[in-house]
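Let's take a walk through a protein complex together, one step at a time. Keep the picture beside you and look for each part as we come to it.

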Amino acid sequence: MMRRRKTQGHTPHPPRSEPILSVKDLSVRFNTVDGVVHAVNSISFDLYRGETLGVVGESGSGKSVSMLSLLRLIPEPPGEITSGSAILRSGDESVDLISLSWKQMNRVRGRRVGFVFQDPLSSLNPLISVGKQIREIIERHNIARGSAAKRRSVDLLKQVGISDADNRYHSYPHEFSGGMRQRVMIAIAIACNPELVIADEPTTALDVTIQAQIIDLLMKLKREMGISVIWISHDLGVVAGIADRVMVMYGGTAVETGTAETVYRHPRHPYTVGLLGAIPKLHQDNKRLVNIKGTPPSVYSALRQCPFAPRCPWSFDLCTQQRPPLFALDGNAVSDSRHTSACWYDLEHNTRRTEGAV
Amino acid sequence: MQRYLLSRVIQSIMLMFGVLILVFFLVRLTGDPARIMMPRDASPADIEAFRDAMGFNEPLPAQFFHFMTGALQGDFGRSLHYRAPAMRIVLERMPATIELSLAALVFALIVAIPLGVIGGSRPGTTWDTVCRAVGLVGQTVPNFWLALMMISLFSVTLGWFPTFGRGGFGSIVLPAVALGLFPLGKFTRLVRSAVLEVRNEDYVRTAYSKGLLDHRVYTHHIFLNVSVTLVSIVGVQFGYLLGGSIYIETIFAWPGVGRMINEAVQARDFPLVQALAFVSAAFIVLLNLLTDLAYVLIDPRIRYED
């Protein structure tokens with residue numbers, strides 16, 4: 001089911017200056033006893049102010065790892081960021097997240113970048129009241145102290161739609177429903193007025209009616225507070241409804257990026273085509289869902305070819321010889337609406353590519 | 001909460017009744033108590049007189065009734081060896097054992113908690129190796145051997161501490177260290193593995209995502225959750241220690257109940273053995289009760305599980 005809620009989330013495109021987050025050539029690997037897992041292989045993307053970037057892909061495609069590693073929230077070791085930069089811009093000030101010291105990073109986390117995680121039950125400390133868990137981040141970043149911090153925590157609970165916030169401040173996570181717990185997570189994420197919120201499958205653990213409420217809440221706060229959002233999901237429907245731009249990930253690489261409109265209507269990477277083809281459509285009487293043949297690639301070997309080549313109906317010899325670079329599909333204009341695809345085959349013109357990479 | 005508390009107190013009282021019944025029958029199960037208690041060369045007439053005096057000639061239900069009514073008033077009969085009320089003697093000895101147990105426990109915790117946290121938070125490092133070694137050594141080195149070695153080094157050669165006896169701070173150091181060695185090893189291993197487990201929890205990642213500093217994440221998020229596991233083991237371990245350590249109290253001539261158990265069994269002083277068994281059991285039950293209460297205080301999820 002594809003829900004396209006064009007009315008919300010999409011901000012009118014103002015003239016964009018520089019992206020607030022520029023990630024270049026980010027690679028992450030895990031050094032495990034079974035060998036090296038190449039989880040993220042040289043991904044690059046930009047995020048513009050007030051924008052929602054939907055990051056889609058299946059489990060193990062590296063979407064969560066890549067975003068969490070930006071703030072060093074992956075376990076290190078075994079995790080290791082092997083290359084890349086991630087410039088976070090705010091006014092004239094810009095920092096490279098990857099080269100920050102642990103201490104400097106702790107001032108960015110929570111303060112400038114908020115997080116909403118997948119499972120709100122396990123993501124909240126079961127032994128600490130929800131109010132204290134909100135208050136903690138406020139006091140950490142010196143937004144307020146003492147009773148003022150408590151007042152602000154109660155206000156945040158109200159802001160995320162929790163009734164009777166004064167009493168609910170003292171409740172523990174197990175006394176809340178799944179949706180309410182995720183609201184608490186959102187309150188924590190926005191507590192310090194961050195520039196960016198990374199939402200890692202925030203609705204996956206919730207039932208469908210609650211999903212919609214949580215999406216609406218996050219998008220409303222985003223608009224009100226001017227926050228940019230990276231929304232990680234494997235639910236193409238959810239992302240279609242809220243994202244301004246979409247990045248499709250496969251095998252630890254970004255295979256296609258573009259505005260939500262373009263990627264959904266004119267997918268130009270065989271994986272995206274396969275993914276969209278596998279969605280059941282209400283208005284078509286399909287006997288059987290189309291699936292992508294084969295299984296995702298092994299992540300235990302370094303990427304030297306197109307990760308999708310073994311499953312791709314269009315693949316040819318070059319695909320297994322060389323990893324495809326990102327090709328700009330709408331000319332070489334560098335803009336936030338740029339549509340790119342990492343594929344040696346030009347689906348639009350049905351020709352094989354050899355050059356023209358970004 | 002109050003219902004939970006009440007039900008746990010009632011359970012504990014019933015358990016103590018069970019202990020009393022066991023204590024009564026165990027002595028009778030071993031055969032003719034009079035013959036066991038009297039010296040081997042006692043004349044039959046003496047044994048018969050003793051049997052009469054102790055009430056062993058009465059029918060078993062009547063004996064049981066006397067024992068229970070006495071025990072409920074704290075009367076476990078007179079110690080054959082000390083010729084005084086058995087319970088009074090046990091209670092006189094208890095403070096020394098409580099003092100030693102507490103000292104051993106505090107020593108074990110003071111070393112084990114930081115060591116376990118350091119080891120668990122840096123797996124595979126030298127600190128972790130030290131932590132694991134301490135855990136292993138603590139649980140495997142016999143405490144009586146360590147006690148003798150420490151006396152030989154610190155008391156005899158260096159003269160830092162008295163060799164035996166109770167009095168002043170210096171006298172408790174060696175017995176507390178010797179007695180605390182086993183719980184130290186146990187706690188270190190427990191804290192280390194609990195930290196290893198808890199640090200991978202999602203809520204710890206959340207704590208870091210808030211920008212909290214390491215020490216705050218450890219003290220407020222990780223250790224709080226580790227303490228749930230720790231509290232249960234500390235309670236049980238303290239209960240064991242309060243039963244008295246036969247070896248350590250004997251080696252250091254520490255005037256506690258542990259040494260008395262040894263003496264009472266050797267002297268076949270059954271009233272005293274019964275009183276000792278009852279008091280030890282009572283302390284273990286009490287500590288289990290306190291442990292459950294501590295759980296409720298730490299973990300809000302337990303409150304409603306009546």
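Predicted model: local features only at pLDDT ≥ 70, side-chain atom pairs only at ≥ 80, totals over all residues.

Begin with chain B, whose secondary structure consists of 13 helices and 0 strands. The C-alpha atoms of chain B fill a box of roughly 80 × 60 × 30 Å, taken along the principal axes. Chain B has 306 residues, and 36% of them are buried. Now consider contacts in chain B between residues at least 6 apart in sequence: 71% of these join residues at least 24 apart.

How confident is the predictor in chain B? The mean pLDDT of this chain is 85, and 97% of its residues reach 70 or more. Confidence in chain B is lowest in helix H2 (residues 33–37), with a mean of 74, and highest in H9(B), at 93. For the complex, the predictor gives an ipTM of 0.85 and a pTM of 0.80.

Next, find two helices of chain B that meet: H6 (residues 126–140) and H8 (residues 169–198). Their axes come within 7 Å and cross at roughly 145 degrees. The crossing of H6(B) past H8(B) is left-handed. On the H6(B) side, the residues making the contact include B:Cys131, B:Val134 and B:Val137. On the H8(B) side, B:Leu181, B:Phe182 and B:Leu184 are among them. Taken together, the residues of this contact of H6(B) with H8(B) divide into 7 nonpolar, 5 polar and 3 charged.

Of the 358 residues in chain A, 47% are buried. For contacts in chain A with a separation of 6 or more, residues 24 or more positions apart account for 65%.

One sheet of chain A is an open sheet of 4 strands in the order E2-E1-E4-E5, with antiparallel pairing. Which strands stand at its edges? They are E2 (35–47) and E5 (93–96) of chain A; each has a single partner strand, so one side of each is left without a neighbour in the sheet. On average, neighbouring strands of this sheet are turned by 10 degrees against each other, direction ignored. You can trace one pairing yourself: strand E4 (residues 79–90) of chain A is joined to E5(A) by 4 bridges, and the two run antiparallel. Look for A:Leu88, which stands opposite A:Val95 in E5(A).

Chain A also has an open sheet of 8 strands, in the order E6-E7-E8-E3-E9-E10-E12-E11, with mixed pairing. Here E6 (113–116) and E11 (327–328) of chain A stand at the edges, each with a single partner strand, so one side of each lacks a neighbour in the sheet. Within this sheet, strand E9 (residues 245–250) and strand E10 (residues 253–259) of chain A pair in the antiparallel sense over 6 bridges. A:Met247 has A:Thr257 in E10(A) as its bridge partner.

Helix H1 (residues 63–70) of chain A touches E3 (52–56), E7 (196–200), E8 (228–233) and E9 of chain A, and its direction makes about 145 degrees with that of E8(A). Helix H7 (residues 178–190) of chain A touches E6 and E7 of chain A, and its direction makes about 170 degrees with that of E6(A).

One more helix of chain A deserves a stop: H11 (residues 270–277), in which A:Pro270, A:Tyr271, A:Thr272 and A:Leu275 are buried. What do the buried residues of H11(A) pack against? Their neighbours are helix H9 (236–242), E9, E10 and helix H10 (260–265) of chain A.

Finally, look at where the chains meet. The contact takes 18 residues from chain B and 23 residues from chain A. On the side of chain B that touches chain A, the elements giving two or more residues are helix H9 (202–209) and helix H10 (214–242) of chain B. H9(B) gives the most to this side, with 6 residues. The residues of this side of chain B divide into 7 nonpolar, 5 polar and 6 charged.

Definitions and conventions: Residues numbered from 1 in each chain as written. Chains lettered and ligands numbered in written order. Contact = placed C-beta atoms within 7 Å. Nonpolar A, V, L, I, M, F, W, Y, C, P; charged D, E, K, R; others polar. pLDDT = per-residue confidence, 0-100. Buried ≥ 20, exposed ≤ 12 C-beta atoms within 10 Å, placed from the backbone. Pairing = 2+ DSSP bridges. Axes fitted to C-alpha atoms, helices over the stretch in contact; angles between N-to-C directions. Left-handed = near helix turned anticlockwise from the far one by under 90°.
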